[in-house]
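Let's take a friendly walk through this fold together. Please have a look at the chain below, and then we can go through it piece by piece.

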Amino acid sequence: MRAVNLLPKDDRRGRTSQTDPVLIGGVVAFVAVTAVIAAWFLSTSTGVADKQERLDAVRAELDATPVPPPAPAGSSTLEQDKSKRIAALSAALSQRLAWDRVFRELSLVLPEDVWLSTLSAKAPGPAAAAAGAGAPGFTINGQTYSHDGVARLLSRLALVPHLSGVQLQHSSRATSESGRRVVEFSIVATVKGPGAA
């Protein structure tokens with residue numbers, strides 16, 4: 001008997017030796033993405049490890065630092081200093097006269113047809129402020145067109161809360177530098193002390 005090979009012959013016609021370019025591109029892309037992710041993971045984990053080491057070192061240093069004993073309540077020099085400063089500020093503000101407010105009130109009541117040539121103001125001394133009266137510390141000299149303007153200014157100055165005892169010293173007709181007839185006047189008043197307004 002003769003030996004017969006029953007296995008099928010390799011059919012080389014149906015097989016192709018070409019590789020699929022899409023498959024190769026997919027494999028290469030997968031390998032590249034995996035390499036990038038691996039590199040990112042390694043660099044991130046290295047950074048985290050470094051930060052963890054620094055955190056552990058700072059915690060160890062903090063644990064080694066002795067804790068100062070708590071200061072007894074009420075005896076803190078900082079609190080005492082703060083209390084002294086508040087008291088000094090309150091004392092200074094209680095003796096302060098708000099000149100900006102006095103001049104703002106004056107500008108609000110000054111009639112349009114009145115102009116001032118001089119103004120002198122002096123704060124009352126501590127004794128005068130405590131007594132509520134004193135020598136006139138507020139003097140204004142100016143001009144207007146009529147005696148009615150002077151009277152209007154006097155009545156308005158009486159409304160200023162920081163002034164008291166508003167009085168007309170003199171009022172007289174005169175000729176201005178431009179040759180126009182005007183009325184010159186001088187008014188005095190007492191400036192009220194701080195807190196008296």
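Which residues form a nonpolar patch on the surface, and how much accessible area do they have together? The patch is made up of Leu23, Val27, Phe30 and Val31, and together they have about 430 Å² of accessible area. Patches here are built from residues with over 30% relative accessible area and no salt bridge, joining like charges within 9 Å and nonpolar side chains (Val, Leu, Ile, Met, Phe, Trp, Tyr) within 5 Å. Accessible areas come from the Shrake-Rupley method with a 1.4 Å probe, and for residues only the protein chains shown count as cover. Valine 27 belongs to helix H1 (residues 21-64), and its 47% relative accessibility makes it partly exposed. On this scale, buried means under 20% relative accessible area, exposed means over 50%, and partly exposed is in between (1.4 Å probe, protein chains only).

A word on the ground rules. This is a predicted model, in which local features need pLDDT of at least 70 and side-chain atom pairs count only at pLDDT 80 or more, while totals for chains, interfaces and linings use all residues. Residues are numbered from 1 along each chain as its sequence is written, and side-chain values use heavy atoms, with hydrogens and water left out.

**Overall layout**

The protein has 5 helices and 4 strands, which follow one another from the N terminus as α-α-α-β-α-β-α-β-β. These elements are DSSP runs numbered from the N terminus, with helices (H or I) of at least four residues and strands (E) of at least two. Of the 197 residues in the protein, 17% are buried. Its accessible surface comes to about 15300 Å², and carbon and sulfur atoms account for 60% of that. Taking contacts between residues at least 6 apart in sequence, 64% join residues at least 24 apart; a contact means heavy atoms within 4.5 Å.

**The sheet**

The 4 strands make an open sheet in the order S1-S2-S4-S3, with antiparallel pairing. Strands S1 (114-121) and S3 (163-175) stand at the edges with a single partner strand each, so one side of each has no neighbour in the sheet. On average, neighbouring strands are turned by 15° against each other, direction ignored. Strands are said to pair if DSSP finds at least two bridges between them. In general, such pairing goes through backbone hydrogen bonds, either parallel or antiparallel.

The pairings, with an example of bridge partners for each, look like this:

| Strand pair | Bridges | Example partners |
|---|---|---|
| S1 and S2 | 7 bridges | leucine 116 and glycine 142 |
| S3 and S4 | 10 bridges | glutamine 167 and valine 188 |

Threonine 175 has arginine 181 in S4 as its bridge partner.

S2 (138-144) has 5 of its 7 residues buried, so the rest of the structure largely encloses this strand. S4 (residues 181-191) is likewise largely enclosed, because 9 of its 11 residues are buried.

Helix H5 (residues 147-157) lies across S1, S2, S3 and S4, at about 170° to S3. The axes are lines fitted to C-alpha atoms, for helices over the stretch in contact, and angles run from 0 to 180 degrees between N-to-C directions.

**Salt bridges**

How many salt bridges does a search of the whole structure find? There are 2, each defined as a side-chain nitrogen of Lys or Arg within 4 Å of a carboxyl oxygen of Asp or Glu.

One joins arginine 85 and aspartate 81, at 3.3 Å from N to O. The two residues are 4 apart in helix H2 (residues 77-94), which means a separation of about one helical turn. Arginine 85 is exposed at 59% relative accessibility, whereas aspartate 81 is partly exposed at 33%.

Aspartate 113 and arginine 152 also form a salt bridge, with their closest N and O atoms 2.6 Å apart. Aspartate 113 sits in the loop between H3 and S1 and arginine 152 in helix H5, so this pair ties together parts that are 39 residues apart in sequence. Aspartate 113 is partly exposed at 22% relative accessibility, and arginine 152 is partly exposed at 31%.
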